[in-house]
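The walk goes through a loop, a helix and a pocket, then returns to backbone angles.

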Amino acid sequence: MSHGARVIRTGVSSGGPAAPPALTVASSSAGSDAELMDGAYFRSCAGMLKVAQMISLLIGFISVNNSSWTDYSAYSFFQIVTMCDLVMILFFYITHIFRVYRKLNCVSWPLAEFLHYLIGTILLLIGSIVAATRSYNVTGLVAGATFGFLATILCVLSMWSSYKVSCITQSTNASV
């Protein structure tokens, strides 16, 4: 009797099924694994939300960066948070477009993206509040804070639409 280590593969991981399905003649080219890019993600709601988040973060960063400001710590925090959030959203966008999540199934991509959105949204909200309170009616700083709030709302919307928690009551059959 052999007691060696065995590897058990399941189809429950974040990467989908353990083995890719075989391509058939009837399968469409839009959903095949042979393609390099996922063209449908460009037009999906999640893809457009990520693009809107990146655009609003970039406009907020440029607005604050090109304004004259004296409170260095408040606006440098806002700039760091917007750029880090922008880079991470771009990373997850590229991950979805090039289907990296199918090749690297050792990472729980939904959990990683959820934690990014949770932490990034909280930091972006704090940075936007601080930037708005220290703006002193300078138009570039007000615009940067406004686009920071817009990006915060878009991040919350993306997090809510992707990770809805549904409360379903289960009926119990207590037959004794």
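Tyr-136 sits in the loop between H5 and H6. Its phi is positive, about 55°, although Tyr-136 is not a glycine. Most residues other than glycine have a negative phi. Tyr-136 counts as exposed, at 59% relative accessibility. Here buried means under 20% relative accessible area, exposed over 50%, and partly exposed in between, with a 1.4 Å probe and protein chains only.

This is a predicted model, in which local features need pLDDT of at least 70 and side-chain atom pairs count only at pLDDT 80 or more, while totals for chains, interfaces and linings use all residues. Residues are numbered from 1 along each chain as its sequence is written, and side-chain values use heavy atoms, with hydrogens and water left out.

Ser-135 is found in the loop between helix H5 (109-133) and helix H6 (139-162). Is Ser-135 buried or exposed? Ser-135 is buried, with a relative accessible area of 6%. Leaving aside residues up to four places away in sequence, Ser-135 touches Tyr-75, Leu-141 and Val-142. A contact means heavy atoms within 4.5 Å.

Now step back to the whole chain. It has six helices and zero strands. The pattern along the sequence is α-α-α-α-α-α. Helices (H or I, at least four residues) and strands (E, at least two) are DSSP runs, numbered from the N terminus. Of the 176 residues, 31% are buried. Among contacts with a separation of 6 or more, 74% come from residues 24 or more positions apart. The chain exposes about 11,500 Å², and carbon and sulfur atoms supply 69% of it. Accessible areas come from the Shrake-Rupley method with a 1.4 Å probe; for residues, only the protein chains shown count as cover.

Return to H5. It has 25 residues and reaches 36 Å from its first C-alpha to its last, close to the 36 Å expected at 1.5 Å a residue. That expected span is 1.5 Å times one less than the number of residues. Buried residues of H5 include Trp-109, Glu-113, His-116, Tyr-117, Gly-120, Leu-124 and Ala-131. An α-helix has 3.6 residues a turn, so residues three or four places apart point the same way. The cover over the buried residues of H5 includes H2, H3, helix H4 (100-103) and H6.

Of its 13 lining residues, the closest to the centre are His-96, Trp-109, Pro-110, Glu-113 and Tyr-163. Helix H2 (45-65), helix H3 (72-97) and H5 each give two or more residues to this lining. By class, the lining has seven nonpolar, four polar and two charged residues.

One more loop remains. Arg-99 lies between H3 and H4. Its phi is near 55°, a positive value in a residue other than glycine. Arg-99 is buried, with a relative accessible area of 4%. Arg-99 and Met-37 are 62 residues apart in sequence and 7.0 Å apart in space, C-alpha to C-alpha.

Key. On a 1 Å grid over the protein atoms alone, a cavity is a set of points where a 1.4 Å probe fits but cannot get out, and a pocket is an open set with protein on both sides within 12 Å along at least five of seven lines; lining residues have an atom within 4 Å of a point. Ala, Val, Leu, Ile, Met, Phe, Trp, Tyr, Cys and Pro count as nonpolar, Asp, Glu, Lys and Arg as charged, and the others, Gly among them, as polar.
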